[in-house]
Structures are given as structure tokens and as C-alpha cells.
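Colleague: I'm new to this one and would like a quick tour. Can you put it up on the screen?

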Amino acid sequence: MSSWPLGLDPGRKIAGTGGLQTSTLVLGCARLGSALTPLSPRDSVALVEQAFELGVRHFDTASIYGQGDSERYIGQALHRHRGKVCLSSKAGQRLTARQAVLSSLKTPIRWIAARQTQVRTSVAAQRAQGVPRCFEPDFIERSLNRSLERLRTDHLDIFYLHSPDVSVLEDEALLDRIERLRAQGLFRAFGVSCDEEDVAWAAASMASVQVVQLAYDESARGLALLALLARNGKQAMLRGLMQGAGGQAHRQDLLVGRMAQLLQEPALGGLIVGTTRLQHLRENVGALQRALAAEVTA
């Protein structure tokens with residue numbers, strides 16, 4: 001049993017990390033540092049610290065999140081606890097020149113967007129356009145090293161390619177570079193963060209991949225993918241569990257049910273819940289505790 005405050009949570013041993021054990025609940029940090037997130041840098045750091053106090057030991061981010069600020073806030077909050085946490089980040093996306101300029105004006109943009117709907121809508125529309133992707137080996141290596149600097153660590157526990165397509169997973173030069181970076185000790189486990197189903201299926205069969213991050217899918221095909229991951233000795237980090245209509249109580253019950261179901265999956269490596277609200281974080285911790293209690297009494 002683990003010693004973290006989640007109590008009943010026995011945690012998860014992450015494949016490819018030498019037996020690293022971490023909490024089942026993963027804090028997704030995509031919105032930390034965003035111009036549309038009404039949290040100051042101090043509040044962002046405090047949220048990560050509070051997640052640690054609640055028992056979260058796995059923090060998921062990316063080089064692009066908050067234009068790098070997500071990693072900076074995590075590093076500031078957790079560098080004292082580095083040996084107790086699992087840090088995951090991703091590479092493969094980059095800012096356009098215009099986005100880089102706007103990121104330097106993020107503080108006033110955040111202030112204005114919180115007060116003017118038109119500005120907020122404009123910023124959201126800009127973000128919805130996405131960012132360019134780049135999986136050239138040199139870019140991936142630079143991105144990894146910069147992530148390590150921002151996170152104040154000498155290694156990641158999981159390093160993901162961020163939303164590649166299948167052709168990227170067939171790039172031998174890229175895969176060779178990734179293996180060299182792993183051999184240097186810059187990360188422990190290699191993963192693929194997937195936006196598309198075909199990428200997840202391809203990653204599930206790659207010998208070099210230990211972890212696949214993907215959206216929750218309760219369909220028969222989604223369950224078949226989890227079964228394939230388990231057969232191949234890989235783990236799934238699942239996001240998107242909170243989808244569904246209804247009131248808060250119904251949504252919470254739905255989340256507990258999904259968590260309880262997924263806790264039975266051999267491939268499960270973690271349940272990713274993204275939030276910038278402490279109350280939401282506490283609700284998710286409570287949901288996991290309920291799901292774990294149901295598992296114990298079943």
C-alpha cells in the first residue's frame with residue numbers, strides 16, 4: 001500500500017521506469033499558464049502544491065502548454081519533492097512567430113480576457129487553430145532539454161511524442177534519436193500521446209513504446225485497444241473521463257462508475273483529470289476514493 005493521502009489507492013507501477021509507483025490519479029496541466037486561465041502564477045503553483053498535498057503524485061504536461069509556463073509552475077511547486085512524483089511531458093508542437101509574440105503579452109491579455117467577452121472569444125478562436133507540429137529529431141531533443149530546464153529536473157519519468165500521426169511513428173531516424181536520449185538517462189519511459197485512434201493502435205504494437213496516452217472510450221473497440229495494450233505489456237493513461245450530460249451529482253456518479261470500471265483494466269497506468277479549480281480537484285480525489293472503496297467491498 002502507498003503512503004500518500006489518497007488512502008486506499010495502491011498506486012500504479014509505470015512500465016519502463018524501473019518500478020516507479022505513483023498515484024492512479026494524474027493531474028493534467030494543459031491549462032496551467034494559459035491566457036484564458038484566471039490563475040496568477042502564484043495561484044498556479046499553489047494548485048500544484050495542493051494537488052501534491054491531496055495525494056496526487058503524477059503530473060502530466062507538455063512543452064507547449066501555457067507556452068512553457070505549465071512546466072515552469074510544476075517545476076517551481078515540485079522540485080523539492082522530485083523523488084516522490086512522476087513527471088510526464090511531451091514534445092512535437094511549437095508556437096508560430098505570432099503566437100510567440102502573443103505569449104509575451106499573456107499577463108495583460110489574461111486580465112483583459114477576464115473582463116471582455118470579445119477578447120476572450122478571440123483568444124479562444126486563436127487557440128482552437130492549433131499549433132504547428134514538428135518531429136524532426138533535433139527539434140525533439142531541444143524540446144526535451146528545455147522541458148527539463150523548466151521542470152527543474154534532470155530526467156522525465158515519461159516522455160511522449162505529442163499528437164503525431166502514424167508516419168511519424170515509422171521515422172527510424174526519430175526513433176533512433178529517442179533511444180539515444182533514453183540511454184543518456186533523460187527520460188525513463190517512452191510514450192505516445194494520441195489524438196487519433198489509428199495512432200493509438202499503431203503505438204500499442206511498437207516495441208519501443210511503454211505508455212500510450214489516449215481519450216477514454218467505452219466502446220467495444222476502445223476496450224479491445226486496452227486489452228491489446230495489456231497483452232503487449234504497455235500501459236494506458238486515459239483522459240476525458242468527465243464527458244457526459246446531466247447535473248453535477250449525476251456526472252460525479254458517472255465518473256465514479258467509470259473509474260471503478262477502469263481500475264479493473266490490467267493496462268491502466270493512470271486516470272488524467274485536468275483542472276485549474278481546487279474544488280474540482282478535490283471532487284476528483286473524492287471520486288477516486290469512492291471508486292477504490294467500491295472495488296474493495298465488491
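Modeller: Here is a walk through some of its cores, strands, loops and side-chain contacts.

Colleague: What kind of model is it, and how are residues numbered?

Modeller: This is a predicted model, where local features need pLDDT of at least 70, side-chain atom pairs count only at pLDDT 80 or more, and totals for chains, interfaces and linings use all residues. Residues are numbered from 1 along each chain as its sequence is written, and side-chain values use heavy atoms, with hydrogens and water left out.

Colleague: OK, the inside then. How many residues are in the largest nonpolar core?

Modeller: The largest nonpolar core has 71 residues. By nonpolar core I mean a set of buried Ala, Val, Leu, Ile, Met, Phe, Trp, Tyr and Cys residues joined through side-chain atoms within 4.5 Å. Buried is under 20% relative accessible area, exposed is over 50%, and partly exposed is in between (1.4 Å probe, protein chains only). Phe59, Leu161, Phe187, Leu238 and Met259 have the most contacts inside that core.

Colleague: Which helix gives the most to this core?

Modeller: That's helix H11, residues 278-297, with six residues. Helices (H or I, at least four residues) and strands (E, at least two) are DSSP runs, numbered from the N terminus.

Colleague: And what does Met259 touch?

Modeller: Not counting residues up to four places away in sequence, Met259 touches Leu25, Leu241, Leu271, Asn284, Ala287, Leu288 and Ala291. Contact here means heavy atoms within 4.5 Å. There's also a second, separate core of 10 residues, and Ile14, Ile158, Tyr160 and Ile272 are among them.

Colleague: How many aromatic pairs does a search of the whole structure find?

Modeller: One. Rings of Phe, Tyr and Trp (its six-membered ring) pair if their centres lie within 6.5 Å; planes under 30 degrees apart count as stacked, over 60 as edge-to-face and the rest as tilted. The pair is Phe159 with Phe187, and it is tilted because the planes are at 45°, with the ring centres 5.2 Å apart.

Colleague: Where do those two sit?

Modeller: Phe159 is in strand E6 (residues 156-162) and Phe187 is in strand E7 (residues 187-193), so the pair ties together parts that are 28 residues apart in sequence. Phe159 counts as buried at 1% relative accessibility, and Phe187 is buried as well, at 3%.

Colleague: Let's do strands. Why is E10 called largely enclosed?

Modeller: Because six of the seven residues of strand E10 (residues 268-274) are buried. Strand E3 (residues 25-28) pairs with E10 in the parallel sense over four bridges, and Leu27 stands opposite Val273 there. Three bridges join strand E9 (residues 235-239) to E10, and these run parallel; Ala236 has Leu268 as its bridge partner. Two strands pair if DSSP finds at least two bridges between them.

Colleague: Last one: what is the phi of Gln67?

Modeller: Near 55°, a positive value in a residue other than glycine. Most residues other than glycine have a negative phi. Gln67 lies in the loop between strand E4 (58-60) and H2, and is partly exposed at 31% relative accessibility. Ser163 has a positive phi too, about 60°. Ser163 is in the loop between E6 and helix H7 (172-183), and is buried, with a relative accessible area of 2%.
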